[in-house]
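Subject: The structure we talked about

Hi,

Here is the structure for you to open alongside this email. Have a look around it first, and then read on.

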Amino acid sequence: MGGQSGATVVSSFSGEAWLKGTQLVDFDMLDLVEPSAPPVPHEEATCPGVGEPTGARCPRVEVATPFEAAGEDGLCQGRRPPSRRHPAAEAAGAEHAAAGDALLHASKKRELRREGRPASARHPAVDSAGVEGAAPSCAGGMESDGEGPSAGLARRRLIATLRQGHPRLSSALDGAPAVTSDVVPRVEPKARVLILYDRRDQRCRALARALRVEYGHLCDFVDHTAAPELLRVAGALAELPRRALVRRGGLSAVLPSGVFLSFCEEDTTILAWELDSLWTLTFPTPQASRALEGACFLRPPRPGAWREATLLRKLACALGDHKFAVIDDALREVDMEALREAARALYRNGAMRRGAVSTDSVYEVMAQKHALLSGTGTDGEPRQWSGRGNFMVSCSDADPREPRVGLLSEETDALVSALKSGCGRDDVSARLAPVTFREDTMVAAYPAASRARYPKHLDNDRHAVLTAILYLNKGWTPEDGGQLRLYMPGMYCNDVKAEIPPIANRLVLFWSSEDNPHEVLSARSDRFAMTVWYVDGPKVLARPGGPSRLAPGHPAGRIRERIVYPLV
């Protein structure tokens, strides 16, 4: 690929890629039942950037990176207290304890082989210190060897209760993954999901173990009651609300984008959905990406040069063969600047409203559920998981709020008309034949503060045939995120076709059908775009109330959305 302007193979915006290839806690031997002895008291943990302490303050330690080696002080100190260790190991002394550690280590190796995970994915203390000198896992050991009948019954009741509230983890709660590696390969992700949990809580330990069984290759686990572990991820948590993530009896998650999920101990539906999406995501090879960029990205010598027959045919071939096309430097610089200022003014003046996929969409249902559990309302905390997080407004060509918006539709109207009439590809012209109207221009803002995004969706619910998007973001870098991710055909296909950075004056065209499921990745810098949908005229007219939508303007009080105009 040629530079940042092309389609990227993978998203490179994970500025908080603090979870690449390191596992903090070993859950292979995670205990689900508290031992009979009283637990060792914990001090309230805190760390720089996470929040102010309510108890003793952990020392401020300068950490170059979240996973910088901290020596022995960065790991759980010593072995479990004698009251927490297996009685046989306590009685037999250090020799038997070392033998027991060797058996646990061998068991761990067998499980790693079954999962297909390399040894390097283990806890660093195990790899560096060997069997006899290894530091114990911060998660603790499995206490089930000596549990009595009452403890076993309590454990079974807990698992049965959790299975009802967390159906996706039903099999994993019993220790068996629902999806095995021979069905869906466990490919190491580019960035991991951080799971924060209260190890002293039985329910959290059970859920964390189930997540480890099902999604261990995608997650890193941190016991948030242990100050050394929090220090390791201080950078990842610096801008997030501590009260939402570090809670007594709580389990939370931080996604690679920096968005967080809280109250997962009550419901793991959203977390499991995010992890399943991350698990099944596949990307094209670098060679395929370069070939696609050469076929679909047009860089004309000047704005409007697409009108030349050669470039117009290349544009049509991209739409016909690959279902999308990109034109860089699409408008005159003065027009792009005017549109950029118009978008920013609409957002700054409060003309935009929060985006929503639809009131009954799976995204909105999950967002409402998360807001209800967290008790923060629909707006929530900054960077709290939501269905979308963007803001938008629809503007007509001569909208008094921003009449400059018409500069875009004037150019896209001419482009679509040329593709309909004589582009050299009959299949493209035929597909555009029913396009006789377009909607108002939608102006959208994606605030970086909330890591705004737009999850995977299609545009065909509005009878759209072609989607045209102009990006307005000067100085955009891959670290800023916000890429348009196009998928291969089929809403449930998770094979990525291309990721298109939203750089200024870039116009993207793609079919609004199942050919192009797409999403907007989380933005780390304020992101602005304008979208025009070209619609199937006969279908729009056949809809209830369709003819009234052709008249400019709506009755007072109705949102100006989906007004369509004749295509000239």
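Below I go through what was found, starting with the overall picture and then moving to single places.

This is a predicted model, in which local features need pLDDT of at least 70, side-chain atom pairs count only at pLDDT 80 or more, and totals for chains, interfaces and linings use all residues. Residues are numbered from 1 along each chain as its sequence is written, and side-chain values use heavy atoms, with hydrogens and water left out.

**Confidence**

The term pLDDT stands for the predictor's confidence in each residue, from 0 to 100. The chain has a mean pLDDT of 74, and 64% of its residues reach 70 or more. Residues 8-146 have a pLDDT below 50, and this stretch makes 241 contacts in the model beyond near neighbours in sequence; a contact means heavy atoms within 4.5 Å. Residues 550-564 also stay under 50, with 37 contacts beyond four places in sequence. Please keep one caution in mind: where pLDDT is low, the predicted coordinates should not be read in detail.

**The whole chain**

The chain holds 17 helices and 18 strands. Both are DSSP runs numbered from the N terminus: helices are H or I with at least four residues, strands are E with at least two. Of the 568 residues, 54% count as buried. Buried means under 20% relative accessible area, exposed means over 50%, and partly exposed lies in between (1.4 Å probe, protein chains only). Among contacts between residues at least 6 apart in sequence, 80% join residues at least 24 apart.

**Helix α13**

Helix α13 covers residues 333-348, and at 1.5 Å a residue its 16 residues should span 22 Å; the end C-alpha atoms are 22 Å apart, which agrees. The expected span is 1.5 Å times one less than the number of residues. Which residues of α13 are buried? They are D335, M336, A338, L339, R340, A342, A343, A345 and L346. As background, an α-helix has 3.6 residues a turn, so residues three or four places apart point the same way. The cover over the buried residues of α13 includes β8 (391-395), α15 (406-422), β10 (441-446), β12 (464-471) and β17 (527-536). Just after α13, G350 takes a positive phi of about 80°.

**Salt bridges**

There are 28 salt bridges in the structure. A salt bridge is a side-chain nitrogen of Lys or Arg within 4 Å of a carboxyl oxygen of Asp or Glu.

- R425 and D321 form one of them, at 3.0 Å from N to O. This pair links distant parts of the chain, 104 residues apart: R425 is in the loop between α15 and α16 (426-432), and D321 is in helix α12 (residues 309-322). R425 is buried at 15% relative accessible area, whereas D321 is partly exposed at 47%.
- E499 and R485 form another, at 2.6 Å from N to O. E499 lies in strand β14 (residues 496-500) and R485 in strand β13 (residues 484-487), so the pair ties together parts 14 residues apart in sequence. Both E499 and R485 are buried.
- R299 pairs with E293, with their closest N and O atoms 3.0 Å apart. R299 is partly exposed, at 43%, while E293 is buried, at 6%. Salt bridges that share partners join E293, R299, D328 and R506 into one network.

**Two buried residues to look at**

R247 sits in the loop between α9 (242-245) and β3 (251-254). Is R247 buried or exposed? R247 is buried, because its relative accessible area is 11%. Beyond four places in sequence, R247 touches D198, H224, S252, S262, F263, C264 and E265.

F510 lies in strand β15 (residues 506-511) and is buried, with a relative accessible area of 0%. F510 and A325 are 185 residues apart in sequence, yet their C-alpha atoms are 6.4 Å apart in space. Among the residues that F510 touches are L319, F324, V465, L484 and H518.

**Cysteines**

The structure holds zero disulfides, a disulfide being a pair of cysteine sulfur atoms within 2.5 Å. For C204, the nearest cysteine sulfur is that of C264, 9.9 Å away. C204 is buried, with a relative accessible area of 0%.

Enjoy exploring!
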